[in-house]
Amino acid sequence: MNLLSIIYNYLIYINTYILYHPLLSYNTQYKDMSDNFDPLNYIIDIIPKIDIPKDTNIELECRFKIDSRKNVKKNNKAYSQLQTLKIAKSIILFYLNKKTHCTVEQSINFIKETQKGNEIKQMSFVNGIQDKNKHLYYEKIPLIHPLIVLDEPEYNIALNFEHKLQPFDIKGCKFARIKLRFSVILESWRIDITLVRTIESLSNPQELKNAKNKMLFEINPDTFIEKAPWSYAQYVEFELEYIGDYNKLQIKSIQSAVDIIRKHIYTTHNL
């Protein structure tokens, strides 16, 4: 089965977001689809069947709705800025104390919206200094609607293609996101805690430069909690990205990874 057939068959099942609640029975939790349709099993089943084009990666992410400052509806359970920062620092400190492999990444993404997804020019920085050898041009294309898991915290499961592009002029980009990311490398998953500042218009280069200087500077995993611009960032993203062998991906692996984030939330609120 080719990719177009897979996507077409999926759209037959659903024309809205998939809703999943771990405490509901499989026969009552879905809308606009067969009673026997299980979206988690569907994702596990679909990935090995996808034909991945040349210069293209497949990306599976769990995106948590923790920070209430990031487009979270009022009826969703999210956390205040203070609570969000406590959760982020708790995760960082836990893995630093365990001597887990942790990294810091700095980038500015210039984003052009298209009908298929987004075209992105990613500029990479090390301690605030641009590393031109690591610049990337790529297209991010959603393969399915986000799978919304109504848990605490609520999160989306997203499946995307990332396809390399030839360099393009950023004049066609509408906005940019400055990102300072702390990553924890686990066996099959990567935890990303990302501070984000969005520049809504690129008409004023000085605004971008000033924001870049406040977001990206000399910093490392050990100094992240102390030096990161927690107050200047507009919100904090919490994501899990699968970095293991997709042929070995199981539902249990997703659930175990999500439990890691859940544990830190519960621990933080019980302090």
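## A salt bridge across the chain

K65 and E154 form a salt bridge in which the closest N and O atoms are 3.1 Å apart. This pair connects distant parts of the chain, 89 residues apart: K65 sits in the loop between β2 and α3, while E154 sits in the loop between β7 (147-149) and β8. E154 is buried, and its relative accessible area is 9%. The model described here is a predicted one.

## Other charged side chains

The structure has 14 salt bridges. Side chains of opposite charge can pair when their charged atoms come close. One of the pairs joins K49 to D45, with a distance of 2.9 Å from N to O. K49 counts as partly exposed at 39% relative accessibility, and D45 counts as partly exposed at 39% as well. R190 and D192 form another salt bridge, and here the closest N and O atoms are 2.8 Å apart. R190 is buried at 15% relative accessibility, and D192 is buried at 1%. A network of salt bridges links E59, E61, R63, K140 and E162.

K179, in strand β9, is buried yet has no salt bridge. Its nearest side chain of opposite charge is that of E237, 4.1 Å away. Apart from neighbours within four places in sequence, K179 is in contact with E105, Q106, S107, N109, T194, L195, V196, L216 and E237.

## The nonpolar core

The largest nonpolar core holds 66 residues, and L60 and I157 touch the most other members. Helix α3 (residues 81-97) gives the most to this core, contributing seven residues.

What does L60 touch, not counting residues up to four places away in sequence? The contacts of L60 are I43, I47, I157, A158, L159, W189, L240, E241, Y242, Y246 and L249.

## Helix α4

Helix α4 covers residues 205-215, and its buried residues are L208, A211, K212 and M215. Viewed down the axis of α4, these buried residues fall within an arc of 105°, so they line one face of the helix.

What do the buried residues of α4 pack against? Their partners are four strands: β3 (102-113), β4 (118-126), β9 (175-185) and β10 (189-199).

Is β4 largely enclosed or largely open? Seven of its nine residues are buried, so β4 is largely enclosed by the rest of the structure.

Strand β4 pairs with β3 in the antiparallel sense, over eight bridges. F110 has K121 of β4 as its bridge partner. The two strands form a hairpin, with four residues between them. Strand β6 (residues 136-142) also pairs with β4 in the antiparallel sense, over five bridges. In this pairing N118 stands opposite K140 of β6, and K140 is also a member of the salt-bridge network. A further antiparallel pairing, over two bridges, joins β4 to β5. There V126 stands opposite I129 of β5. Strands β4 and β5 form a hairpin with two residues between them.

## Loops and positive phi values

N127 lies in the loop between β4 and β5 (129-130). Phi of N127 is near 55°, a positive value in a residue other than glycine. N127 counts as partly exposed, at 35% relative accessibility. D55, in the loop between α2 (39-46) and β2 (56-64), also is a residue other than glycine with a positive phi, near 60°. D55 counts as partly exposed at 43% relative accessibility.

P167 is found in the loop between β8 (155-164) and β9. P167 is exposed, with a relative accessible area of 60%. The C-alpha atoms of P167 and L136 are separated by 8.1 Å, although the two residues are 31 residues apart along the chain.

Note on methods. Residues are numbered from 1 along each chain as its sequence is written. This is a predicted model: local features need pLDDT of at least 70, side-chain atom pairs count only at pLDDT 80 or more; totals for chains, interfaces and linings use all residues. Side-chain values use heavy atoms; hydrogens and water are left out. A nonpolar core is a set of buried Ala, Val, Leu, Ile, Met, Phe, Trp, Tyr and Cys residues joined through side-chain atoms within 4.5 Å. Buried means under 20% relative accessible area, exposed over 50%, partly exposed in between (1.4 Å probe, protein chains only). Contact means heavy atoms within 4.5 Å. The arc is that of the directions from the helix axis to the C-beta atoms. Lys and Arg count as positive and Asp and Glu as negative; His and the chain ends are not counted. A salt bridge is a side-chain nitrogen of Lys or Arg within 4 Å of a carboxyl oxygen of Asp or Glu. Two strands pair if DSSP finds at least two bridges between them.
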